[in-house]
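These are my notes from one sitting with the model. I looked up a strand, a core, a charged pair and a loop position, in that order.

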Amino acid sequence: MVGHRRLVLRLLLVVVAMFGFGFALVPLYDVFCQVTGINGKTAKQASEASLGVDQQRSITVEFISYVPRALNWQFGPQQSHVTVHPGETLKVNFSASNLSGQRGTVQAVPSVSPGLAANHLQKVSCFCFEQQTLDPGQQQEMPLLFYVDPALPKDITTLTLAYTLFAVEEQPVDKNTATAQLSANGELSNDAAL
């Protein structure tokens, strides 16, 4: 009986340790990817402007986009690729169209391949920093202002910048705001209807 109790306690300890390790994996993975740069994540805020241009090198930057089937939008770059010198700031436009019958909000999430180059693609201004809301049938041009850091390893001559478009859940109606929009006769106005 004592042997069974020890076995149960050991197994319980293993289960608790595995559970704790599972929670620790996500932050550990994020730290690992940040240190090694292997996952292709780019910065989530604007970079400083470039300080110099390396005229001796040329880098090809390819642009691709993904839109999930369930999202009835068109989204993509207006040009498939550009050639830049490291440090040269360039503007590229993407366009988005809401083909659905209702107002929608989306977020573009970027990634760079090869992953080691992600820290060297500097976005000075990007539509991906903010959510984009379009009415049904509305089309919008979305600019990206970027440069490739001159510190990019010499063996990397081509980068691929990919954007995936995700739907953002609708925000719940704030009942305090809706109550404030009640008309004098006690009815909700059209734009405050729940």
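Entry: overall layout. I count two helices and nine strands in the protein chain. Reading from the N terminus, I get the order α-β-β-β-β-β-β-β-β-β-α. The chain has 194 residues, and 31% of them count as buried. I also looked at contacts between residues at least 6 apart in sequence; 74% of these join residues at least 24 apart.

Entry: confidence. I find a mean pLDDT of 78 for the protein chain, with 72% of its residues at 70 or more. For residues 171–194 the pLDDT is below 50, and the stretch has twelve contacts in the model beyond near neighbours in sequence. Where pLDDT is low, the predicted coordinates should not be read in detail. I leave those contacts alone.

Entry: strand β5. I place β5 at residues 104–113. Seven of its ten residues are buried, and I note the strand as mostly covered. Which strands pair with β5? I find β7, antiparallel, joined to β5 by three bridges, and β9, also antiparallel, over eight bridges. On the β7 side, I see Val-106 opposite Gln-132. On the β9 side, Ala-108 has Leu-165 as its bridge partner.

Entry: Gln-107. This residue is in β5. What does the side chain of Gln-107 reach at 2.7 Å? I find the backbone oxygen of Cys-128 at that distance, which is inside the 3.5 Å limit for a polar contact. Leaving out residues up to four places away in sequence, I list Cys-128, Phe-129, Glu-130, Gln-131, Thr-164, Leu-165, Phe-166 and Val-168 as touching Gln-107.

Entry: the core. The largest nonpolar core has 31 residues, and I find that Phe-127 and Tyr-163 touch the most other members. At least two core residues come from each of β1 (59–66), β2 (73–77), β3 (81–84), β4 (90–98), β5, β6 (121–126), β8 (139–148) and β9 (158–167). I then listed contacts of Phe-127 beyond four places in sequence; among them are Phe-75, Phe-94, Ala-108, Met-142, Leu-144 and Tyr-163. Gln-132 and Pro-143 are also in contact with Phe-127. In soluble globular proteins, nonpolar side chains tend to be buried together.

Entry: salt bridges. How many salt bridges does a search of the whole structure find? I get one. In this bridge the side chains of Asp-135 and Arg-103 meet at 2.9 Å, N to O. Asp-135 lies in the loop between β7 (132–134) and β8, and Arg-103 in the loop between β4 and β5, so the pair ties together parts that are 32 residues apart in sequence.

Entry: Gly-52. I find Gly-52 in the loop between α1 (2–36) and β1. Is Gly-52 buried or partly exposed? Its relative accessible area is 34%, so I note Gly-52 as partly exposed. Beyond four places in sequence, Gly-52 touches Pro-86, Gly-87 and Pro-150. I read 8.3 Å between the C-alpha atoms of Gly-52 and Pro-86, which are 34 residues apart along the chain.

How values were computed: Residues numbered from 1 in each chain as written. Predicted model: local features only at pLDDT ≥ 70, side-chain atom pairs only at ≥ 80, totals over all residues. Heavy atoms only, no water. Helix = DSSP H or I, 4+ residues; strand = E, 2+ residues; numbered from the N terminus. Polar contact = N/O pair within 3.5 Å; in protein donor to acceptor, adjacent residues only side chain to side chain. Contact = heavy atoms within 4.5 Å. Core = buried A, V, L, I, M, F, W, Y, C linked by side-chain atoms within 4.5 Å. Buried < 20%, exposed > 50% of the residue type's maximum accessible area, 1.4 Å probe, protein only. Salt bridge = Lys/Arg side-chain N within 4 Å of Asp/Glu carboxyl O. pLDDT = per-residue confidence, 0-100. Pairing = 2+ DSSP bridges.
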